[in-house]
Amino acid sequence: MTVNEAKLMEFVHRFVGDLGATMAAGGIVIGDRLGLYKALAEAPALPSELATRTRTSARYVEEWLRGQAAGGYVEYDPADGRYSLTPEQAFALTDPDGPIFAPGAFQLALGALKAEPRITEAFRTGGGLGWGRHDEDVFAGCERFFRPGYSAHLVSEWLPALDGAEERLRSGVRVADVGCGHGASTVLMAQAYPKSVFTGSDHHHGSVDQARERAADAGLDGRVGFEAAGAQSFGGGPYDLVTTFDALHDMGDPLGAARHVLSQLTPDGTWMIVEPAAGASVTDNLNPVGRVYYSFSAFLCVPSALSQDGGYSLGAQAGEEPISRLVHDAGFTSFRRVAETPFNIVYQAKP
């Protein structure tokens with residue numbers, strides 16, 4: 001075998017970058033949990049000063065800062081030895097309620113990787129791994145990863161893109177949020193449309209408990225409820241609007257779920273389907289976003305779907321055509337793409 005040295009070194013550079021990024025993920029989560037980013041955003045600091053502000057060990061903080069600077073997550077001034085955050089870095093690293101929050105994504109990734117031995121075995125056997133069997137950081141990280149995008153786009157762009165949905169929400173309708181997780185999407189909608197009533201459902205009991213706490217903290221008791229139920233069995237219909245956020249591709253029987261959604265809708269109701277952004281072919285998805293979603297899918301989405309009845313797995317990069325086919329097979333008469341971001345595509349399905 002003849003090896004092209006230039007191409008080999010190009011690959012080595014890629015591998016070194018990936019290795020550094022993999023290890024840096026732990027540092028990003030630590031920086032979030034210990035408040036290091038928030039404290040650094042207040043003012044530039046020497047390692048000892050940042051350690052004092054955050055009540056941490058100066059020696060650990062010094063090593064952490066050097067690694068963060070090498071990765072471009074903080075800035076270093078060799079003139080005085082101080083570290084700082086640019087406005088852009090602070091924007092993405094310190095505000096969990098902002099439109100971009102990087103630490104949540106890394107928390108989700110680290111939590112998912114803890115299942116590596118069981119995922120390796122699933123590769124051998126073809127079996128699944130249920131969502132509820134993952135580390136707690138998967139559940140918390142998932143909310144913190146997706147919530148910023150929902151906060152930035154759901155009320156301002158996605159819901160208004162649906163035919164007549166926003167006007168009805170303002171007047172007061174019944175909404176089911178299926179696969180709601182910790183209830184981030186449910187709470188955001190309920191806060192925006194106080195005349196409507198919302199019911200979130202998820203098959204993971206722990207997430208439903210967290211969702212109830214989120215709603216109570218937001219003062220939404222009595223107008224927002226949650227139940228532990230799968231997408232093929234949630235009740236309470238008919239609903240004027242059913243939503244699924246980054247959940248359909250995790251289901252082992254998405255066709256059964258689609259049929260059940262249809263049965264729970266009013267005749268003029270709407271199903272809003274939010275799914276990860278994906279192109280029509282594998283080639284279309286060979287890009288940084290596709291890499292993220294394919295990697296998460298192998299650890300979370302495909303194992304979750306294969307652990308359920310149905311034996312079906314769309315995967316996180318299914319794309320529009322398989323979802324359209326599934327929706328029509330379930331009995332819906334119309335389906336169209338209504339909005340998109342770099343990370344999500346929003347579809348509308350109607351009876």
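Good morning. In strand E6, Thr-244 is the bridge partner of Val-178. Please note that this is a predicted model, in which local features need pLDDT of at least 70, side-chain atom pairs count only at pLDDT 80 or more, and totals for chains, interfaces and linings use all residues. Residues are numbered from 1 along each chain as its sequence is written, and side-chain values use heavy atoms, with hydrogens and water left out.

Strands (E, at least two residues) and helices (H or I, at least four) are DSSP runs numbered from the N terminus. Strands pair if DSSP finds at least two bridges between them. Strand E3, residues 174–178, runs parallel to E6 and is joined to E6 by four bridges. E6 also pairs with strand E7, residues 265–276, in the parallel sense over six bridges. There, Leu-241 has Thr-270 in E7 as its bridge partner.

How many residues of E6 are buried? Seven of the seven, residues 239–245, are buried, so E6 is largely enclosed by the rest of the structure; buried means under 20% relative accessible area with a 1.4 Å probe, protein chains only.

E6, helix H12 (residues 254–264) and E7 form a right-handed β-α-β unit: with the strands pointing away from the viewer, the path from the first strand over the helix to the second runs clockwise.

Methods. Buried means under 20% relative accessible area, exposed over 50%, partly exposed in between (1.4 Å probe, protein chains only).
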